[in-house]
Amino acid sequence: MKSAQLVQILKEKLPSHEFKWNFDRKNDKVRLEHTLLNKGMDISLPEILAKYETDGEASIREVVYTINETFTAMEKELAEGFLQNTVIYPVIRSTSFPLTSKAGDPFIYKDHTAETRIFYALDLGTTYRLIDETMIASLGVSEQEIIESALFKVRSLPTEVKRDEVAGNVFYFVNNKDGYDASRILNVAFLREMEQKIDGHMTVSVPHQDVLIIGDIRNDTGYDILAQMTMQFFTVGTVPITSLSFIYENGKMEPIFIMAKNRVTRKEENK
């Protein structure tokens, strides 16, 4: 499928007269404006096309659903404003992610690692909105209260994992597809609990928004598998974060490059 075909399909599935489409062929993206709200969104086409190759029509349905829910949330915000005591969660983004909204309003964020930052999201049920400075007064809380509330709330998210073993190494996946899977990396109690299960060396990876991978790396092959795995997830993710993984030890995370000279000694060899 070509980009122009994808744009046409999206137009057919989103026929609202309130939408104005602007296809930027040079940068391979489309700008969708909601004329009544006077707000819009940029849709990068290559990422959708890549997912279409693996997921087919399901990838199109996902995009259409996200667009509809985003604009529905904006309409509700315009009609009702923000409600106090709304649920706020942290979300992980790459350090290349914009620090301001499309309107130029600075987001509330906090540095996390050399590769990632923490932003804060107003949960709207089926979608969320990143919190910027203009929203603080409407929410009726301070910036520090937003940060503390989000870190507390992330601990309430379910942390069931799926286990897979490859070449003697074990990988655990958190994949609830609730928009906050990568955010579980901020759940310190969960990471400590997982650390107790690790026989080799513990790694954590957030290649995109909808997955957290915890690795129990027990041999050199495990690092090669991890590198391939995170790159694959990073490539197909709707909101990619980083293909780089982190060593988790004593509550700290350090980015690792998957090269033979940098491989980390297993924990039992350090005992």
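The following conversation goes through a predicted model and asks what stands behind some of the words used for it.

Colleague: What makes Tyr223 count as buried?

Modeller: The relative accessible area of Tyr223 is 4%, and buried means under 20%, so Tyr223 is called buried. The place of this residue is in helix 7, and its C-alpha atom is separated by 9.5 Å from that of Thr203, which is 20 residues apart from Tyr223 along the chain.

Colleague: Where does helix 7 lie?

Modeller: Helix 7, residues 220-236, lies across strand 8, strand 9, strand 10, strand 11, strand 12 and strand 13, and it runs at about 25° to strand 9.

Colleague: How do you know that strand 10 and strand 12 pair?

Modeller: Two strands pair if there are at least two bridges between them, and two bridges join strand 10, residues 201-205, to strand 12, residues 245-249, so the pair meets the cut-off. These two strands run antiparallel, and Thr203 has Ile247 in strand 12 as its bridge partner.

Colleague: In what order do the strands of the open sheet stand, and what is left at its edges?

Modeller: Six strands form this open sheet in the order 8-9-11-10-12-13, with antiparallel pairing. Strand 8 and strand 13 stand at the edges, and each has a single partner strand, so one side of each is left without a neighbour in the sheet. On average, and with direction ignored, neighbouring strands of this sheet are turned by 30° against each other.

Colleague: How do you know that strand 8 is paired with strand 9?

Modeller: Five bridges join strand 8, residues 162-166, to strand 9, residues 169-174, and since pairing needs at least two bridges, the two strands count as a pair. They run antiparallel, and the bridge partner of Val166 in strand 9 is Asn169. Two residues lie between the strands of this hairpin, where Ala167 takes a positive phi near 50°.

Colleague: Why is strand 4 called largely enclosed?

Modeller: Seven of the seven residues of strand 4, residues 88-94, are buried, so the strand is largely enclosed by the rest of the structure. In a regular strand the side chains alternate between the two faces of the sheet. Here Ile88, Pro90, Ile92 and Ser94 point one way, Tyr89, Val91 and Arg93 point the other way, and all are buried.

Colleague: Which strand is joined to strand 4, and how many bridges are there?

Modeller: Seven bridges join strand 4 to strand 6, residues 116-123, and the two run antiparallel; Arg93 stands opposite Arg117 in strand 6.

Note on methods:
Residues are numbered from 1 along each chain as its sequence is written. This is a predicted model: local features need pLDDT of at least 70, side-chain atom pairs count only at pLDDT 80 or more; totals for chains, interfaces and linings use all residues. Side-chain values use heavy atoms; hydrogens and water are left out. Helices (H or I, at least four residues) and strands (E, at least two) are DSSP runs, numbered from the N terminus. Buried means under 20% relative accessible area, exposed over 50%, partly exposed in between (1.4 Å probe, protein chains only). Axes are lines fitted to C-alpha atoms, for helices over the stretch in contact, and angles run from 0 to 180 degrees between N-to-C directions. Contact means heavy atoms within 4.5 Å.
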